[in-house]
Amino acid sequence: MSEVPDVEALPLHRIIGGMPDADARATFTATVIAYDYEMVGLCYLITGSRETAREAAQSAWLKYWSSPPELRDPSKLRSWLLSVAANEARQEVRRSRPTVPIDDLSVAGEDSDSATNAALAQALMTLATDERHLVGLRYLIGLNSREIGDHLGISAGAVRVRLHRILGKLREQLRDE
Amino acid sequence: MCGCTASSASYGSNSAMNRAGDFEREIGELVTRYVASANLRTEPQVVVGAIAGPAKADRRWRGPMPVVAVGVVLVIGSIAIANILLSGPASGPAHAAVGGVTYDVVVDRSLTVETGELSPYGPITASDYAWAFSQQEAYSLQGVNPRALLVVPAKPGTGDESWLNYFILVGPADPYPSACRYHDATFGEIPAECSGG
């Protein structure tokens, strides 16, 4: 070669690293083991669809793998992954993907657990997407009001108010059905 | 959980449910069980394989496609594989026209394209190596000037190199003038930049 450009100076150079393949995959696998279920579960509550939830989580993993976040605090990774996955799920809902959990409704009546799940699924689907997202963060992921507030960019007080309203709606739905 | 075998009607009659704390706890348990019953767990290797591809023994560049493309073009561009990969009908550097702009065709053996980084850019309206492309559509890379660099999927098994997935199209805004261009086997003397330096 006659001349090698200064790679660091190129505007399109935003290198993250040349981690050896085995190390990168090991790190990735450990992260998937730690967080994939939570991500898919949260997306499932938001979308009501297993397939769409898996796709949303997959999109989040693709972003993580191709453009890992530069987090000063590694403990924020879980929050970052959940946020990305939830955003993907919400976008899927906005794209008019089915929001009725057909799989769960279809099994209603087969046994008591299925009936309970179907009742909850129906109740959840009466909530807005934002509300189902909040339900997931609180009751599946187990975040407290402050953590949810950090996650959603609202105050802890606002979280508590919204949760109170959501619980009221769910109570009504479950009572009426 | 709660013994709520219930159909939802039982919620109204269960006195314990009248207390907000109990109800919230039961909702939490219901949600947990509801999600658990959905069989959402996937083998981590399946997830990793779908995103990162099959495990490789060699060093892999992680990061955005532009980094991979640029780094590889610069570092490995000197390899003379361009001369032996394909034997096309024309003699001389290969070209492809996209949107009225003529690009040089560059090959690279270690290029790994993350499809999430690609966006359809435009049809390839003319090329002396169109036969080697699996699509006549060029793709831009996220964050990269499309007048500098595009990619186009290669036909599987093109030439004798089954690993070649994408060709790089280097345009007039090329910041890498020293990268090795693709030439067919009849081109003659290997250009200096392709001679492995």
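Tutor: Let's start with confidence, as this is a predicted model. Over residues 1-20 of chain A, pLDDT stays under 50, although the model has 50 contacts beyond four places in sequence for them. Where pLDDT is low, the predicted coordinates should not be read in detail. Chain A as a whole averages a pLDDT of 79, with 77% of the residues scoring at least 70. Among the elements of chain A, the lowest mean, 48, belongs to helix 4 (residues 102-106), and the highest, 94, to helix 6 (residues 129-140).

Now to the core. The largest nonpolar core has 58 residues, and those touching the most other members are A:Phe28, A:Trp61, B:Ile27, B:Val31 and B:Val35. Both chains contribute: helices 1, 2, 3, 5, 6 and 8 of chain A and helices 2 and 3 of chain B each supply at least two residues. Helix 1 of chain A gives the largest share, 11 residues.

Pick out B:Val31 next. Leaving aside residues up to four places away in sequence, B:Val31 touches A:Leu45, A:Leu120, A:Val135, A:Tyr139 and A:Leu140. Apart from this core lies another, of 16 residues, including B:Ala96 and B:Leu169.

Helix 3 of chain B (residues 44-52) is worth a look too. Its buried residues are B:Pro44, B:Val47, B:Val48, B:Ile51 and B:Ala52.

Finally, find A:Asn117 in helix 5 of chain A. A:Asn117 is buried, with a relative accessible area of 8%, and its side chain makes a polar contact of 3.0 Å with the side chain of B:Ser37.

Notes:
Residues numbered from 1 in each chain as written. Chains lettered and ligands numbered in written order. Predicted model: local features only at pLDDT ≥ 70, side-chain atom pairs only at ≥ 80, totals over all residues. Heavy atoms only, no water. Buried < 20%, exposed > 50% of the residue type's maximum accessible area, 1.4 Å probe, protein only. Helix = DSSP H or I, 4+ residues; strand = E, 2+ residues; numbered from the N terminus. pLDDT = per-residue confidence, 0-100. Contact = heavy atoms within 4.5 Å. Polar contact = N/O pair within 3.5 Å; in protein donor to acceptor, adjacent residues only side chain to side chain. Core = buried A, V, L, I, M, F, W, Y, C linked by side-chain atoms within 4.5 Å.
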